[in-house]
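Colleague: I'm new to this one. Can you walk me through a few spots?
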Amino acid sequence: MSTLLAQNMSATHGQLTAVHNVSLSLEPGEMLFLVGANGAGKTTLLRTIAGDHVQGSGEIMLSGVDISDRPAHLRARAGLALVPEGRRLFPDMTVRENLMLGASTSREGPWSVAAIFEAFPNLAKLDRAMAGKLSGGEQQAVAIGRALMGDPVAIMLDEVSLGLSPAAVDLAYGALRKTRDMGLALLVVEQDLNRAIREADQIIVMCEGRVALRVRPQDTTVAALAAASFGQVAA
Ligand code: ATP
């Protein structure tokens, strides 16, 4: 059974159809990368699946349960987490307080503040630091940690590496690989096509709101992904 199955997802912004009939499926322990040019509809798709974008439709099954009609907070309680673009931490709250906000789903599971500090050892010494004072990489670690605190079965991450140093990106992906090995399903929006080919189990390229290419990393190249992002077929 798929952990996350999203079928015929569509979404509008007023008159503009930003996502047209996109479907995807994730098994436990799988990492699906969603790539595409700016404005391709990646963020809108993630927000629609999460229930944060109200002008959206489609059928969403989480571990075999239909959550399509549930509002965002009940999708989170069912085990679906979103790490949004820009992290959206509370800058005047501490690292621990930000992490604790993620526990509001009241789900049972392996994640606790101590487990997050084990996954991201650089956060442990920042326990009482204000989130707004952290580096971009540290903030991304808190955002991922906050999502994990809800003990999700599937986690969606928007622009994981945006604005981070290469070392911080490696750290974030190291932690994500561990969660994948624990059986989580990960849907990752990423600009770095090399990273997508290195880490992904599946890759979907979006172009103008539609699926332009659906491929396994071993069957593609950066050039082919880039071409599909712009609606072309690679030479
Ligand atoms: P980016 O990498 O730039 O975030 P994206 O692939 O995530 O791009 P979206 O942000 O989902 O794409 O945008 C898809 C389309 O919807 C674009 O044409 C964008 O201009 C439009 N759009 C996004 N947000 C809004 C909004 N709040 N109001 C109106 N149009 C929007």
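Colleague: Which residues does arginine 75 touch, not counting those up to four places away in sequence?
Modeller: Arginine 75 touches Thr48, Ile49, Ala50, Gly51, Ile60, Leu62, Ile67, Ser68, Arg70 and Leu80, leaving aside residues up to four places away in sequence. Contact here means heavy atoms within 4.5 Å. This is a predicted model, where local features need pLDDT of at least 70 and side-chain atom pairs count only at pLDDT 80 or more, while totals for chains, interfaces and linings use all residues. Residues are numbered from 1 along each chain as its sequence is written, and side-chain values use heavy atoms, with hydrogens and water left out.

Colleague: Where does arginine 75 sit?
Modeller: In helix 2. Helices (H or I, at least four residues) and strands (E, at least two) are DSSP runs, numbered from the N terminus.

Colleague: Is arginine 75 buried or exposed?
Modeller: Arginine 75 counts as buried, because its relative accessibility is 7%. The cut-offs are under 20% relative accessible area for buried, over 50% for exposed, and partly exposed in between (1.4 Å probe, protein chains only).

Colleague: What lies 2.9 Å from a polar atom of its side chain?
Modeller: The backbone oxygen of serine 68. A polar contact is a pair of N or O atoms within 3.5 Å; within protein, one must be able to donate a hydrogen and the other to accept it, and residues adjacent in sequence count only if both atoms are side-chain atoms.

Colleague: New topic. What is the volume of the largest pocket?
Modeller: About 650 Å³. Of the 25 residues that line this pocket, the closest to its centre are Asp52, Ala76, Leu80, Ala81 and Leu82. Helix 1, helix 2 (72–78), strand 6 (80–83) and helix 6 (136–148) each give two or more residues to the lining.

Colleague: What counts as a pocket?
Modeller: On a 1 Å grid over the protein atoms alone, a pocket is an open set of points with protein on both sides within 12 Å along at least five of seven lines, whereas a cavity is a set where a 1.4 Å probe fits but cannot get out. Lining residues have an atom within 4 Å of a point. Points are joined across faces, edges and corners, and the volume is the space filled by probe spheres set on them.

Colleague: On to serine 229. Where is serine 229?
Modeller: Serine 229 is in helix 9. Serine 229 is buried, with a relative accessible area of 7%.

Colleague: What does serine 229 touch, not counting residues up to four places away in sequence?
Modeller: With those left out, Gly36, Ala37, Val205, Met206 and Cys207. Also, a polar atom of its side chain lies 2.9 Å from the backbone oxygen of leucine 225.

Colleague: And threonine 221, where is that?
Modeller: In the loop between strand 10 (210–215) and helix 9 (222–229). Threonine 221 is partly exposed, since its relative accessible area is 43%. A polar atom of its side chain lies 3.0 Å from the backbone nitrogen of alanine 224.

Colleague: Last one. What is the phi of asparagine 21?
Modeller: Positive, at about 55 degrees, although asparagine 21 is not a glycine. Most residues other than glycine have a negative phi. Asparagine 21 lies in strand 2 and counts as exposed, because its relative accessibility is 51%.

Colleague: What about glutamate 208?
Modeller: Its phi is also positive, near 50 degrees. Glutamate 208 is in the loop between strand 9 (202–207) and strand 10, and at 66% relative accessibility it counts as exposed.
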